[in-house]
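The sequence and the structure are shown first.

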Amino acid sequence: MDVGERLKAIREIRGLSQRELAKRAGVTNSTISMIEKNGVSPSVSSLKKVLSGIPISIGDFFTLDIENIEPEQVVFRQAEQPDIGSNNVSLKLVGATLKGRSMDILREVYPPGADTGPEMLQHDGEEGGIVVRGEIELTVGFDIYQLKAGDGYYFNSSRPHRFRNTGTEEAEIISSNPST
């Protein structure tokens, strides 16, 4: 098996430059280059260190069917973002098809008067976002905040919370929280 050729193929499939892989793995750029050109034969420990920057296990490195692997999707067009909202609130989820996704990135659109519902929301993790346009009333616990375009928020989402558009125009938020 050509280790250098395999490393290069997997690195490119993952969309990494030699420089980025070297930085992630904590090795020099020339180390990656030399391995890929078969100028050096890395020890198992050296190869494991390089593969940690991809990341991929040494077992997967040698057994992965790279002929049939597709590059990881990076861009999600508007039509590829399912709407998971309710109560007239649109919640477009970015990266819904990614396996092992650890966070939800949402484009939230609230028409005037719309809110997340009468019940306060509560879930594990933290939540943060930025109001892109319009006005949003954010309630966290007993505190109520009026947010305008450019304002951001970040809180422990185990605290009861809700969002409501109190303005006369559509409001939009870009937010992130842990995937459940």
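## Basis of the description

Helices (H or I, at least four residues) and strands (E, at least two) are taken as DSSP runs and numbered from the N terminus. This is a predicted model, in which local features need pLDDT of at least 70 and side-chain atom pairs count only at pLDDT 80 or more, while totals for chains, interfaces and linings use all residues. Residues are numbered from 1 along each chain as its sequence is written, and side-chain values use heavy atoms, with hydrogens and water left out.

## Backbone features in the loops

Pro-55 is found in the loop between helix H4 (44–51) and H5, and the peptide bond that joins Ile-54 and Pro-55 is cis, with an omega of about -15°.

Two asparagines also deserve a look at the backbone. Asn-38, placed in the loop between helix H3 (29–36) and H4, has a positive phi of about 60° although it is not a glycine. Asn-87, in the loop between H5 and E1, likewise has a positive phi, near 55°, in a residue other than glycine. In terms of accessibility, where buried means under 20% relative accessible area, exposed over 50% and partly exposed in between (1.4 Å probe, protein chains only), Asn-38 is partly exposed at 42%, and Asn-87 is partly exposed at 41%.

## Surface patches

Patches are made of residues with over 30% relative accessible area and no salt bridge, like charges being joined within 9 Å and nonpolar side chains (Val, Leu, Ile, Met, Phe, Trp, Tyr) within 5 Å. Accessible areas come from the Shrake-Rupley method with a 1.4 Å probe, and for residues only the protein chains shown count as cover. Met-103, Ile-105, Val-132 and Ile-174 make a nonpolar surface patch of about 300 Å²; of these, Ile-105 lies in strand E2 (residues 103–110) and is partly exposed, with a relative accessible area of 32%.

A negative surface patch is formed by Asp-2, Glu-5, Asp-65 and Glu-67, where Asp and Glu count as negative, Lys and Arg as positive, and His and the chain ends are not counted. The place of a charge is taken as NZ of Lys, CZ of Arg, CG of Asp or CD of Glu.

## Salt bridges

A salt bridge is a side-chain nitrogen of Lys or Arg within 4 Å of a carboxyl oxygen of Asp or Glu, and by this rule the count comes to ten. Arg-11 takes part in a salt bridge with Glu-12, at 3.9 Å from N to O; Arg-11 is buried, with a relative accessible area of 6%, whereas Glu-12 is partly exposed at 47%. Arg-11 also forms a salt bridge with Glu-36, the closest N and O atoms being 2.5 Å apart. This pair links distant parts of the chain, since Glu-36 is in helix H3 and Arg-11 in helix H1 (residues 3–13), 25 residues apart. Glu-36 is buried, with a relative accessible area of 9%.

Arg-164 and Glu-137 form another salt bridge, with the closest N and O atoms 2.9 Å apart. Because Arg-164 lies in strand E7 (residues 161–164) and Glu-137 in strand E4 (residues 135–140), the pair ties together parts that are 27 residues apart in sequence. Arg-164 is partly exposed at 29%, while Glu-137 is buried at 9%. Salt bridges that share partners join Arg-107, Arg-133, Glu-170 and Glu-172 into one network.
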